[in-house]
Amino acid sequence: MTTGADGAYRLTRLPSGARIITAPMRERASVAIAVMFAVGSRYEQPENAGIAHFIEHMVFKGSRRYPTAKSISEAIEGVGGVLNAATDKEATLFWAKVPVGKFALAADVLCDMIFNASLDTTELHKERQVVIEELRMYMDNPQDYVQTLFDEVMWPDHPLGRDTAGTEETVKAFEREDCLRYLHEHYRGDNVVISVSGAIEHDEVLAALEPIVGAWGDGARLQAQPAPPRRETPRLRLLNKRTEQANIMLGTEGVSYLDEDRFAADMLNAVLGEGMSSRLFLSLREEQGLAYDVHSFTIKHRDAGALGIYVGCEPKRGAKAAQAAIAELTGLAERRVDDAELTKAREYSKGRLVLQLEGTSSLCNYLGQQELLTDEILLPDEVVRRIDAVSPDDIMRVARRLLDGGLRAAVIGPFRQPERFESLLVS
């Protein structure tokens, strides 16, 4: 058993290898539980792309003790709780939040639907169409679909560059045997973390979970395909589509969530494009009136990452807005951020962290995902210490490091000539 600093959390590893984390928030009226697996679309091959996401859907369709989707949802919603799931590149998450006193029910529902999923063939065939409609919905929304194109241009011909939900062709091919095989390969004992926070104690959590936590397979985690080395590939993905607004996403290679520069990259991102006092917002929206929505973001994987900028603007201003955004990014590599601006970015980031962790679900996910993906938990005080340690020189150095790999972009809008954007990506 491991106890975090100041007793902020406790961690127990069960004989199966499953790790259980608890963070008591005794004054809360709720308890949140998240069951997380270190598996996602990164672990897939082209022929089964989207199967992790598809399985996430299928476990909600019935299990041993809760045989239908209706019985699963009613069990949680019947006590006023919420139940949901998400699939990412490197993790799959199932979670529930229930009132105090209903934790045992939430744990039973989640564990039964995951470890005793029925995977009924009739339900599987119906769910295929649901997932296909989800894929079509995202493709019809340029603001969402441009993110998929951005991933493709950052990591071409690699699982990190594929849509998490796969393609219509792969989804149509999934059968029960494919799902079972994937569960046995990846839903293993040492590949799962269960994180709990709220008005509950560690011993109570263990008593509820130990009898019901299972595993589909045995053995060690399977390894994902390494991130691709830097190589010369097309730097622009442009989709010529009649839209009222241009959707532009441009960026650079970033840092991983294990990289020592990750906190400096986060401070760079805060200065550049987080919030209405960031450089991008003040310059492109407030001063130049080029865009309604403009912000920056980071993507972090185990051995790769990206720094991105999103701009939503009138199509005729697309190239000018992209050029202005690039100027703000390159400016961080050319001139030191002054102390006042960096202090503002630090306080913004620290304040957001504190506010984010007020809720039981947020704290539960924060602790669990760190343990799952990095095998280390940094408590908020340690994160604050590392944020405060970032200097103006660190930000300028990291900006230069990121820009060294060159710029890439994804664009959706009524554009027939890619040259107007390609020229902006050449340093």
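Modeller: Let us begin with handedness. Helix 2 crosses helix 3 in the left-handed sense. This is a predicted model, in which local features need pLDDT of at least 70, side-chain atom pairs count only at pLDDT 80 or more, and totals for chains, interfaces and linings use all residues. Residues are numbered from 1 along each chain as its sequence is written, and side-chain values use heavy atoms, with hydrogens and water left out.

Biologist: What makes a crossing left-handed?

Modeller: The near helix is turned anticlockwise from the far one by less than a right angle; clockwise makes it right-handed. Helix 2 with helix 3 is left-handed.

Biologist: Why is helix 2 called roughly antiparallel to helix 3?

Modeller: Helix 2 (residues 69-77) and helix 3 (residues 103-115) pack at about 160°, with axes 10 Å apart. Axes are lines fitted to C-alpha atoms, for helices over the stretch in contact, and angles run from 0 to 180 degrees between N-to-C directions. Angles under 35 degrees count as roughly parallel, over 145 as roughly antiparallel, 65 to 115 as roughly perpendicular and the rest as oblique. Helix 2 is therefore roughly antiparallel to helix 3.

Biologist: Which residues of helix 2 and helix 3 meet?

Modeller: Ile72, Ala75 and Ile76 of helix 2 meet Leu105, Ala106, Val109 and Met113 of helix 3. Contact means heavy atoms within 4.5 Å. The residues of this contact are seven nonpolar, no polar and no charged. Ala, Val, Leu, Ile, Met, Phe, Trp, Tyr, Cys and Pro count as nonpolar, Asp, Glu, Lys and Arg as charged, and the others, Gly among them, as polar.

Biologist: Why are helix 1 and helix 4 called oblique?

Modeller: Helix 1 (residues 51-58) and helix 4 (residues 121-139) pack at about 120°, their axes 10 Å apart. That angle makes the two helices oblique to each other. The crossing of helix 1 and helix 4 is right-handed. Their contact divides into four nonpolar, two polar and four charged residues.

Biologist: What makes strand 8 and strand 10 edge strands?

Modeller: Five strands form an open, mixed sheet in the order 8-12-9-11-10. Strand 8 (236-240) and strand 10 (293-300) each pair on one side only. Two strands pair if DSSP finds at least two bridges between them. Strand 8 and strand 12 (residues 408-413) have five, in the parallel sense.

Terms used: Helices (H or I, at least four residues) and strands (E, at least two) are DSSP runs, numbered from the N terminus.
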